[in-house]
Amino acid sequence: LLQSIAAYMLKARPQTKVVYCHAYDFLSDATAVSKALKAKTGNVRELANAFMEKYERCDVLLFDDVQLLESKKTISQERLAVLVKHLRSMGKQVVFSSDRHPSEFRKTQADSTIQENGGAIPHISARLLAPLESCVAVGIDVPDLNTRMKLIQKKSMNIPFLDKDRDEICRFLSLPPRENVRVIEGMLNGLRAMNEFCSENLDLGAVKRLVAAPGTGVVELSV
């Protein structure tokens with residue numbers, strides 16, 4: 001979805017500076033700057049300028065998996081909150097992706113220590129949660145059967161399915177429990193690998209044999 005947003009904006013306005021950032025990338029960059037500032041090392045200015053050039057001077061920031069910023073200390077969350085405030089004040093656009101609605105996050109204060117919660121609802125600092133709660137939240141539903149069929153047909157164009165079985169193969173691969181887009185992509189990658197590395201003839205019977213047991217949505221790869 002974020003890639004589609006970036007592609008659309010660059011097509012509509014080629015001069016737009018769009019920055020895609022995964023949560024772990026931002027965490028790494030923010031931590032490097034913080035450590036340099038604390039240690040007062042010689043590359044502080046270089047790191048700070050690189051951080052500013054990458055994040056603060058973009059027109060659109062696409063931030064992936066914001067829920068992964070949960071950590072024992074909230075310094076990275078606070079830095080992101082400041083960045084979002086700055087970008088918004090400049091009329092820039094920020095798009096977040098997350099595995100849950102902002103209302104499902106737990107709020108913690110800036111000076112609090114976050115304890116590991118073993119996969120429970122992540123804690124987000126109050127300053128970062130504020131812009132998340134005020135944004136336009138759009139949920140992404142599981143694609144219906146017709147959408148999955150079209151997706152598989154498009155993404156499997158370079159997979160040499162037997163021509164007479166292609167439509168039926170795409171229909172079979174779109175059936176539940178193979179509903180998640182990432183699972184579908186992984187399944188197609190597995191079938192592509194079986195053909196490339198094992199010279200597997202991909203007719204309908206072979207595809208049904210190669211696709212793992214229902215409920216996994218993946219492909220068994222064995223040589």
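**Exercise 1. Characterise the salt bridge between Glu-53 and Lys-17.**

*Solution.* The side chains of Glu-53 and Lys-17 form a salt bridge, with 3.5 Å from N to O. The structure is a predicted model. Then consider accessibility. Glu-53 counts as partly exposed because its relative accessibility is 38%, and Lys-17 falls in the partly exposed class because its value is 28%.

**Exercise 2. Determine which parts of the chain the salt bridge of Asp-59 and Lys-92 ties together.**

*Solution.* Begin with the contact itself: the side chains of Asp-59 and Lys-92 meet at 3.0 Å, N to O. Asp-59 is in the loop between helix 3 and strand 2, and Lys-92 is in the loop between helix 4 and strand 3; the bridge therefore ties together parts 33 residues apart in sequence. Finally, Asp-59 has 25% relative accessibility and counts as partly exposed; Lys-92, at 29%, also counts as partly exposed.

**Exercise 3. State how many salt bridges the structure holds, and identify the residues joined with Arg-57 into one network.**

*Solution.* The structure holds nine salt bridges. One of them pairs Arg-100 with Asp-99, at 2.6 Å from N to O. Through salt bridges that share partners, Lys-17, Glu-53 and Arg-57 are joined into one network.

**Exercise 4. Describe helix 2 and what covers its buried residues.**

*Solution.* Helix 2 spans residues 23-39, 17 residues in total. From first to last C-alpha, helix 2 reaches 24 Å, close to the 24 Å expected. Its buried residues are Ala-23, Phe-26, Ala-30, Val-33, Ser-34 and Ala-36. The elements covering them include strand 1, helix 3, strand 2 and helix 4. After the helix comes Lys-40, with a positive phi near 55°.

**Exercise 5. Decide whether Ser-174 is buried or exposed.**

*Solution.* First locate Ser-174: it lies in the loop between helix 7 and helix 8. Its relative accessible area is 0%, so Ser-174 is buried. Leaving aside residues up to four places away in sequence, Ser-174 touches Leu-145, Arg-148, Met-149 and Ile-152.

Technical notes
Residues are numbered from 1 along each chain as its sequence is written. This is a predicted model: local features need pLDDT of at least 70, side-chain atom pairs count only at pLDDT 80 or more; totals for chains, interfaces and linings use all residues. Side-chain values use heavy atoms; hydrogens and water are left out. Helices (H or I, at least four residues) and strands (E, at least two) are DSSP runs, numbered from the N terminus. The expected span of a helix is 1.5 Å times one less than its number of residues. Buried means under 20% relative accessible area, exposed over 50%, partly exposed in between (1.4 Å probe, protein chains only). Contact means heavy atoms within 4.5 Å. A salt bridge is a side-chain nitrogen of Lys or Arg within 4 Å of a carboxyl oxygen of Asp or Glu.
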